[in-house]
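Please look over the structure shown here before reading the questions and answers about it.

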Amino acid sequence: MPQPRYRQLDWYEHPLYYDIGIAPGSEDEAVFLEEVLSAHGRSEGFRVLEPACGSGRLLLEMAKRGYEVAGFDAKEAMVDFARRRLEAEGLSGDLRQAWMQDFDLGAERFDLAFCLVCSFQHLLSEEEAVAHLRCVERSLKPGGLYVLGFHLADYVHQGLSRERWVAERDGVEVTCNLSFWPPDPCTRREKARARLKVRHHGAAPELYETTWEFRTYDLEELQRLLDAVPGLRHVATYDFRYEIESPRELEDDHLDVVLVLRREPFPSGAGAIAG
Ligand SMILES: C[S@@+](CC[C@H](N)C(=O)[O-])C[C@H]1O[C@@H](n2cnc3c(N)ncnc32)[C@H](O)[C@@H]1O
């Protein structure tokens, strides 16, 4: 049987398809972020920042709840989409193009920053990851929180993993097939592929494919990274269920982690990191 032909496409250049595919669940994530702020926050304002904000699905949820929102993304298409959707709801936010590993929001200081669904793993080197955490630290008020969600790598029990789901909005149906190849402990990379089947109002489906490489972290590698930025202190761990009543220990029997890091009053030094 002939294999269906997938056209190469950068999913992140197509915010609508990204948003339809990923937005279900945004409300639960926003509720969780608010719960984290009241459980672990020590600053008292309502200013939130999302590095790598994508289509703005979470910024929209937070703005609807009365937060003053700011976000940035590498892709102009994502930033435009996020800005327009806030405007469409009569809301506003500070949205701009910027890089996770090198951003500076000037005198802006936030009570909460968040980066979920593994965006952080797009930073492919330790230097970029550390630089990102230091930029976040500088952007937070003392006592401000950074909520960082990603997958830990299991270098031992390796195998291909897949996820498939379908989502629909206004007659556009997006079927997402995500595949992750085993992480490589030498290169600290894992390959991921998204295959999308997009159907507009029941028409013949369009088939698209995007591939990425993600940086991988096991528990030890994560701990070394956190040690390199002492000005962000790890105060709690949750997982992708986003249940405030179910905190976890940071252990390697569980691979989805949502870390809560709190900005300490003193800044991080220029400590080196091995590996
Ligand atoms: C998985 S999406 C997550 C979007 C959003 N945070 C969410 O929860 O839906 C990853 C986003 O990271 C952005 N991105 C990737 N590398 C980046 C970088 N170095 N700096 C800024 N944004 C980046 C992509 O353009 C994409 O919008």
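This is a predicted model: local features need pLDDT of at least 70, side-chain atom pairs count only at pLDDT 80 or more; totals for chains, interfaces and linings use all residues.

Residues are numbered from 1 along each chain as its sequence is written.

Q: Are helix 2 and helix 3 parallel, perpendicular or oblique to each other?
A: Helix 2 (residues 26-40) and helix 3 (residues 57-64), both DSSP runs of H or I with at least four residues, pack with their axes 9 Å apart and at an angle of about 60 degrees. Angles under 35 degrees count as roughly parallel, over 145 as roughly antiparallel, 65 to 115 as roughly perpendicular and the rest as oblique. Helix 2 is therefore, relative to helix 3, oblique.

Q: How many charged residues does the contact of helix 2 with helix 3 have?
A: Ser26, Glu27, Glu29, Ala30 and Leu33 of helix 2 meet Arg57, Leu58, Glu61 and Met62 of helix 3, contact meaning C-beta atoms, placed from the backbone, within 7 Å. Asp, Glu, Lys and Arg count as charged, Ala, Val, Leu, Ile, Met, Phe, Trp, Tyr, Cys and Pro as nonpolar, and the others, Gly among them, as polar. By class there are four nonpolar residues, one polar and, as charged residues, four.

Q: How far apart do the C-alpha centres of domain 1 and domain 2 lie?
A: The protein chain is divided into domain 1 (7-12 + 154-215) and domain 2 (14-153 + 217-263), with bounds from an automatic or database domain assignment. The distance between their C-alpha centres is 22 Å.

Terms used
Axes are lines fitted to C-alpha atoms, for helices over the stretch in contact, and angles run from 0 to 180 degrees between N-to-C directions. Helices (H or I, at least four residues) and strands (E, at least two) are DSSP runs, numbered from the N terminus. Two residues are in contact if their C-beta atoms, placed from the backbone, lie within 7 Å.
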